[in-house]
Amino acid sequence: MSTKVTINRLATGVPGLDEVLGGGLPEFSFNLIAGPPGCGKTTLAHQMMFALATPERPALFFTVLGEPPLKMLRYQQQFDFFDSEAINQSIRYINLADDTLAGNLDEVLRRIVSEVEAHSPALVFVDSFRSVVLASQTQDNPNNNLPQFIQQLGMLMTTWQATTFLIGEYFTETDTNPIFTVADGLIWLRQSVQRNSMVRKMEIMKMRGQPTLPGLHTFRIATSGIKVFAPAALNPVEAPQEFPIKRLKMGVAQLDEMLGGGLPRGYSLLVAGPSGSGKSILAATFLAEGARNGETGVIAVFEQRPNHSQNATLARLIQSGQVGLVDSRAPDLSIDEIVQLLLSEITRLKATRVVIDSLSGFELALAPTFREDFRESLSRMVTALTSAGVSVLMTSELEDRYTDLRFSPYGTAFLTDAIIVQRYIEVQSRLLRIMAVVKVRASAHSDELRLYRIDDQGLQIGEMLPEQEGLLGGRPTRQHADKDQG
């Protein structure tokens with residue numbers, strides 16, 4: 001009977017990276033961090049090193065032909081993860097520039113071996129390994145055997161039980177280099193400038209012995225260091241529907257009646273309507289009603305930040321901590337970053353109600369590259385939030401075309417469990433507002449068109465629209481038009 005060898009996984013100290021790696025970094029692995037200049041390779045290496053290194057598990061950082069240690073430390077100490085007390089205690093820097101310039105790989109390897117034997121590190125970093133490669137290629141030295149050098153280095157580090165990171169500048173994955181084959185792990189960083197935004201992405205192209213999350217994952221470099229935005233974990237098993245259905249009050253009694261008793265708990269609701277129809281007011285009322293019932297909420301705003309002059313009630317809820325605010329103005333947002341910000345606030349407040357105001361502003365807040373698959377992004381966001389057990393209200397700006405009944409400019413109405421549509425009508429030279437509940441999944445609901453108004457007390461729903469007033473904007477509705485043509 002064979003016994004499997006257990007591979008310990010190290011926590012990298014980089015938010016989101018352990019999830020992308022599939023549970024952490026395999027101990028004693030031989031890894032390559034690759035990508036073009038300026039994408040964050042050295043910062044990622046330092047962040048992991050300061051998180052993992054201890055006096056009992058020391059780290060060696062070899063600098064080659066890249067930045068000298070003093071220059072590197074000058075910039076890395078600007079990050080929050082930097083700990084000056086760890087230098088020469090649990091972390092040592094060794095400059096191999098002279099050995100590399102000599103162009104003899106055997107001498108470079110001998111120097112690395114001597115330092116490793118002298119300090120017995122558990123973590124070894126070589127930055128930039130690409131410099132070693134270039135030096136070997138430019139020297140007319142028949143003893144230089146790059147594949148053999150890499151193989152020997154990897155074997156020695158595994159024998160010494162050291163987790164190793166080679167940092168190298170590579171522009172494409174098609175670069176021919178034996179390191180790609182020998183490495184146990186290959187972390188590839190990318191970056192691109194799109195209009196006024198810098199979009200950075202990470203791909204785990206290889207990590208032996210564990211299932212990593214496939215695809216490109218956005219990350220951000222801030223004063224705290226690198227933060228990776230891993231896709232939110234989804235609950236693969238849908239919770240069984242409880243009967244009778246538990247419903248949330250919306251804060252407008254007549255609207256609760258139209259919904260069949262309120263919004264079913266855990267549902268996603270789309271409120272669609274033209275500018276000035278009261279979508280944001282209804283969203284704020286939804287959160288305020290939750291607060292009155294002891295529930296906390298979260299609102300993500302992508303247009304105007306709530307303040308006392310616009311919505312005093314919502315501003316007070318945010319100030320009192322009953323509602324968490326997600327209000328990122330970064331020009332390079334991704335869907336995964338927004339979801340992570342929302343989930344973080346939901347967890348912090350134990351929130352049960354979430355508002356996205358609005359989808360139109362949300363789309364504009366995303367970096368251009370993420371707008372191309374906005375429909376797919378919305379689907380992932382709604383699924384992630386409802387999987388977290390919260391009820392979601394989203395607003396959507398619509399151009400009121402009177403005879404064309406649409407619920408979302410993104411074709412995403414099918415993603416939500418319930419839809420409320422708001423419209424304008426012109427009656428006797430007056431512009432009035434009407435509201436209807438279009439759908440509530442698995443629940444009976446009103447099919448009435450109800451007049452409503454907005455006053456100092458909020459949104460007030462009145463009587464049903466009289467049948468003779470079924471004209472929108474002075475034109476017959478599609479139903480009336482069809483009858484006229486018949």
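Analyst: Contact here means heavy atoms within 4.5 Å. Keep in mind that this is a predicted model.

User: Which residues is serine 334 in contact with, leaving aside its neighbours within four places in sequence?

Analyst: Thr218, Leu366 and Phe370. Serine 334 itself lies in the loop between β16 (323–326) and α12 (335–349).

User: Why is serine 334 called buried?

Analyst: Its relative accessible area is 2%. Buried means under 20%. Serine 334 therefore counts as buried.

User: What makes alanine 315 buried?

Analyst: Alanine 315 has 10% relative accessibility. The limit is under 20%, so the label is buried. Alanine 315 is found in helix α11 (residues 312–320). In space, alanine 315 and alanine 284 are 9.5 Å apart, C-alpha to C-alpha, and in sequence they are 31 residues apart.

User: Where does helix α11 lie?

Analyst: Across β15 (297–301) and β16. Helix α11 runs at about 95 degrees to β16. Helix α12 lies across β15, β16 and β17 (353–357), and runs at about 160 degrees to β16.

User: What is the strand order of the open sheet?

Analyst: The order is β16-β15-β17-β18-β14-β19-β20-β21-β22, nine strands with mixed pairing.

User: Why are β16 and β22 said to stand at the edges?

Analyst: Each has a single partner strand, so one side of each is left without a neighbour in the sheet. Neighbouring strands of this sheet are turned by 25 degrees against each other on average, direction ignored.

User: How do you know that β19 and β20 pair?

Analyst: Pairing needs at least two bridges. Ten bridges join β19 (residues 418–427) to β20 (residues 430–440), so the two strands pair. They run antiparallel. Valine 427 stands opposite arginine 430 in β20.

User: Now the rings. Why is the pair of phenylalanine 50 and phenylalanine 81 called tilted?

Analyst: A search of the whole structure finds eight aromatic pairs. In this one, the ring centres are 6.1 Å apart and the planes are at 45 degrees. Centres must lie within 6.5 Å; planes under 30 degrees apart are stacked, over 60 edge-to-face, and the rest tilted. The pair therefore counts as tilted. Phenylalanine 50 lies in helix α2 (residues 41–52), and phenylalanine 81 in the loop between α3 (69–76) and β5 (91–95), so the pair ties together parts that are 31 residues apart in sequence. Both phenylalanines are buried.

User: What makes the pair of phenylalanine 79 and phenylalanine 81 stacked?

Analyst: The ring centres are 5.3 Å apart and the planes are at 10 degrees, so the pair is stacked. Phenylalanine 79 and phenylalanine 81 are both buried. Ring pairs link Phe50, Phe79, Phe81 and Phe82 into a cluster.

User: Which residue's charged end sits over the ring of phenylalanine 286?

Analyst: Arginine 353, at 4.6 Å from the ring centre. Arg353 is also linked with Arg265 and Glu295 in a network of salt bridges.

User: How do you know that arginine 190 forms a salt bridge with glutamate 203?

Analyst: The closest N and O atoms are 3.0 Å apart. The rule asks for within 4 Å, so the pair counts as a salt bridge. By this rule the count comes to 15 salt bridges. Arginine 190 has 22% relative accessibility and counts as partly exposed.

User: Why does the pair of arginine 380 and glutamate 376 count as a salt bridge?

Analyst: The N to O distance is 3.9 Å. The cut-off is within 4 Å, so the pair qualifies. Both residues lie in helix α15 (residues 374–387), four residues apart, about one turn of the helix. Arginine 380 is partly exposed at 32% relative accessibility, and glutamate 376 is partly exposed at 47%.

User: Which parts does the salt bridge of aspartate 417 and arginine 441 tie together?

Analyst: The side chains meet at 2.6 Å, N to O. Aspartate 417 lies in the loop between β18 (391–397) and β19, and arginine 441 in the loop between β20 and β21 (450–455), so the pair ties together parts that are 24 residues apart in sequence.

User: Are aspartate 417 and arginine 441 buried or partly exposed?

Analyst: Aspartate 417 has 13% relative accessibility and counts as buried. Arginine 441, at 36%, counts as partly exposed.

Terms used
Residues are numbered from 1 along each chain as its sequence is written. This is a predicted model: local features need pLDDT of at least 70, side-chain atom pairs count only at pLDDT 80 or more; totals for chains, interfaces and linings use all residues. Side-chain values use heavy atoms; hydrogens and water are left out. Rings of Phe, Tyr and Trp (its six-membered ring) pair if their centres lie within 6.5 Å; planes under 30 degrees apart count as stacked, over 60 as edge-to-face and the rest as tilted. Buried means under 20% relative accessible area, exposed over 50%, partly exposed in between (1.4 Å probe, protein chains only). A charge sits over a ring if NZ of Lys or CZ of Arg is within 6 Å of the ring centre and within 35 degrees of the ring normal. Axes are lines fitted to C-alpha atoms, for helices over the stretch in contact, and angles run from 0 to 180 degrees between N-to-C directions.
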